[in-house]
Structure formats: structure tokens, C-alpha cells
Amino acid sequence: MRVLERSGIGDESCMPPPVHEIPPNCSLRNGVAEMEMVLFEIVKDLLSKHNVHPKSIDILVSNCSLFCPTPSIPSMIINRFGLRSNIKSFNLSGMGCSAGILSISLVKDLLRVHKNSLALVLTTEAIAPNGYQGKSKSKIMTNVLFRMGGAAILISNRKQDKKIAKYELQHLVRTHLGSDEKAYKSVYQDPDKDGVVGVSLSRELLRVAASALRTNMRELGPLVLPYSELLRYVWSAIQTKLLPSGDQKKIYLPNFRKAFEHFCIHAGGKSVIDAIEESLKLQKEDGEASRMALYRFGNTSSSSVWYELCYLEAKGKVKKGDRVWQIGFGSGFKCNSAAWKCIANIDPNERNAWSGIIHSYPIEIPVFDC
């Protein structure tokens with residue numbers, strides 16, 4: 001209860017019906033039912049909104065870390081919507097909360113090979129079959145933080161789609177710290193001492209995430225930062241190496257607000273968002289979309305950065321020419337970044353996950369005493 005009160009998650013976030021049963025019914029059948037409830041609806045909504053015929057989809061990529069049924073999740077979509085028999089379908093599992101950006105990375109590479117193609121990306125996590133029913137505190141944390149949700153994204157390299165596209169993918173940077181044992185074990189699925197399987201969150205998680213972000217920023221920075229920021233960073237690094245140890249200065253942290261107008265930080269929890277804001281020296285408004293997505297929907301795993309982008313759109317904050325930085329963290333341990341440029345005039349009244357409720361946000365999230 002103490003963790004839940006301080007999690008930054010409101011009381012309107014969603015859990016699938018089987019989790020409300022006592023005891024929770026964590027069955028394969030209920031996991032499939034949850035996938036159908038989430039994915040069938042968002043795919044139907046996306047295709048109808050953009051008037052896309054299912055058979056025009058050439059590539060299908062889905063990601064769900066903890067649920068991998070047979071037939072696969074892409075097969076469920078192919079069967080339900082009657083997609084083509086020669087569609088190229090892939091399913092990513094075990095990739096953690098950053099798998100949504102990994103799916104984009106896979107599609108990016110596929111579109112380099114397959115010209116004139118349309119890809120559908122589905123990003124979600126299954127809650128119903130993965131509730132932890134043991135007594136390990138590090139594993140109970142996942143029950144508190146994770147909620148039901150998902151996102152569907154269309155990505156195209158067809159010339160005719162450029163006039164209706166919202167964003168252009170400019171850069172995608174992936175960082176993997178799996179060679180470090182503490183990073184590898186920071187988010188880990190295994191049985192507890194009683195044999196009950198769950199995902200544990202290590203006390204090292206925030207430190208590992210900060211290290212992964214720094215590594216990711218070092219690769220992303222030269223791609224997106226203006227020369228003035230890069231020169232200040234290089235000069236401070238030179239000073240740090242040349243000056244005596246007693247007179248060393250901190251290496252300058254580049255101002256990424258000069259590279260991006262908007263930030264979508266994975267809504268892994270209040271402490272995660274706080275730590276990233278502090279690491280990047282962001283303003284309070286830069287983390288607004290992440291905090292509001294966490295409060296309204298909870299940690300929806302890999303789809304959280306898309307709820308945040310929808311928030312920015314519904315608020316009318318994204319303008320043509322604006323740049324968006326999506327930051328995802330996941331088990332392994334991974335930090336992945338996607339840099340997008342808005343290439344269209346976004347209509348804030350367009351229907352999305354925030355329609356009908358966006359006027360109530362932002363809100364002041366309650367703070368509980370320790």
C-alpha cells in the first residue's frame with residue numbers, strides 16, 4: 001500500500017478482469033482474452049481511422065515481454081483481420097519495457113530492404129497471466145506498478161503516405177548493458193524461495209537506468225545536438241583530463257532541450273521519471289506527459305511512450321517542425337531512444353486515448369507523507 005500511494009498512479013488505471021478475482025486467475029485463456037481485448041480494438045480503430053485495408057499491410061511486428069502464446073500474437077491479428085498470406089510477421093518477447101522502440105528499430109531495418117511497404121507495429125504487455133502471488137517484496141512491486149494498455153502504430157516508406165504521415169523517424173539509438181551483471185539482474189524473472197515465478201526489481205535499478213541513459217546520450221548527442229552544445233561538452237571533458245585532480249570540473253551536461261521540444265520518458269514509475277528529469281536537467285513541464293500518462297494509465301510497459309505522445313497531441317503542444325525524444329528502458333538492461341520530427345499539422349481534437357478527458361489534465365498528483 002505504501003508503494004502504491006507513492007507510485008504516482010491514479011485510481012482510473014486498468015487491470016484485466018481476472019486480476020480482480022480472489023485469488024487472481026492467471027491462466028493462459030485469460031492472457032489470450034486480454035490480448036484480444038486490447039489488440040483487436042486498437043488495430044480496428046487504427047485501420048478505420050486511416051482507412052487502411054488489412055490486406056495492404058506488408059509487415060507486422062508485435063512485442064509482449066511476458067506472454068508468448070502459440071499461435072503467436074501476430075497470428076492472432078492475421079486470423080482476426082484476414083491479413084495477407086505473404087505478410088512478414090515477427091513477435092518480440094522478453095525485451096522489457098523498451099520493446100516498443102525495439103519494434104520500431106526492427107521495422108526501420110525491414111523497410112530499408114522492402115521498398116514501398118506498410119508496416120503495423122503492436123506494442124503491449126499481458127497483465128492477466130503474470131500476476132505474482134508470492135511474498136517477495138521485490139516481485140510484488142510489479143503487481144503495484146503495471147497496468148493494462150497497448151498501442152498500434154503504422155509506419156510506411158510508400159511515397160503516397162508522406163502527405164498523411166504525422167512524424168518522420170530521424171534517429172534511433174539502442175544501448176544494451178547486458179554484459180554487466182548488476183544491470184543484467186536489475187529486472188529479472190525467476191522463482192522465489194517458494195517456487196512462485198515473478199519479476200523482481202533490483203535496488204540497483206535507478207543507478208543502472210542512469211548509467212544506460214548516459215551511454216545512450218553519448219551516442220545520440222552528436223546526432224541531434226547543435227555544435228555549440230557539443231563544443232561545450234568536448235571542452236569540459238578536455239579540462240577534466242588536463243587539470244590537476246583537485247581542480248577537476250564536472251563534465252558539462254549538454255542541454256537536450258536545444259535538440260528537442262518534447263520528451264516522452266517511459267512511465268516506469270514516479271522515481272524513474274524524477275531520476276531522468278534530474279539527469280537531463282529538464283523542466284517540470286518537460287515531464288508532464290510522462291507523469292500524466294503514469295497517473296491516468298499506470299505503467300503500461302512498452303506502450304507508455306505512445307500514451308505520452310498522444311497526450312502532447314491532445315494538448316495541442318506538438319507543432320509542425322517540433323522534435324520529440326522517446327526514451328524507453330527495459331530488462332537486459334536496455335535504454336533505447338527514438339528521435340522523431342513532426343511533419344504535419346496535428347489536430348488536437350483528433351480522437352485518441354485522451355479524448356474526452358484531456359481537459360482535466362494536468363492535475364496535481366497527491367503526495368503522501370513517509
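Strand E5 and strand E10, the latter spanning residues 334–342, are joined by 9 bridges and run antiparallel in this predicted model. Within that pairing, His 176 stands opposite Lys 334 of E10. The two strands belong to an open sheet of 4 strands, in which the order is E5-E10-E9-E8 and the pairing is mixed. Strand E5 (167–176) and strand E8 (262–265) take the edge positions, and each has a single partner strand, so one side of each is left without a neighbour in the sheet. On average, and with direction ignored, neighbouring strands of this sheet are turned by 15° against each other.

Helices pack against this sheet. Helix H9, residues 270–280, touches E8 and strand E9 (323–330), and the direction of H9 makes about 125° with that of E9. Helix H11, which covers residues 304–314, lies across E5, E8, E9 and E10, and runs at about 150° to E8.

On the H9 side the contact is made by Lys 270, Ile 273, Asp 274 and Glu 277, while H10 contributes Ser 290, Arg 291 and Leu 294.

The cysteines can be followed next. A disulfide is a covalent bond between the sulfur atoms of two cysteines, and a search of the whole structure finds 0 of them. Cys 14 is in no disulfide, and the nearest cysteine sulfur, which belongs to Cys 310, is 15 Å away, whereas the cut-off for a disulfide is a pair of sulfur atoms within 2.5 Å. With a relative accessibility of 35%, Cys 14 counts as partly exposed. Cys 342 is likewise in no disulfide, and in this case the nearest cysteine sulfur is that of Cys 264, 12 Å away. Cys 342 has a relative accessible area of 1% and is buried, which follows because buried means under 20%.

Finally, there is the annotation of the chain. An unreviewed UniProt entry lists residues 2–241 as "domain: FAE".

Terms used:
Residues are numbered from 1 along each chain as its sequence is written. This is a predicted model: local features need pLDDT of at least 70, side-chain atom pairs count only at pLDDT 80 or more; totals for chains, interfaces and linings use all residues. Side-chain values use heavy atoms; hydrogens and water are left out. UniProt positions are given in the numbering used here, feature names are shortened, and annotations may be inferred rather than shown by experiment. Two strands pair if DSSP finds at least two bridges between them. Axes are lines fitted to C-alpha atoms, for helices over the stretch in contact, and angles run from 0 to 180 degrees between N-to-C directions. Contact means heavy atoms within 4.5 Å. Buried means under 20% relative accessible area, exposed over 50%, partly exposed in between (1.4 Å probe, protein chains only).
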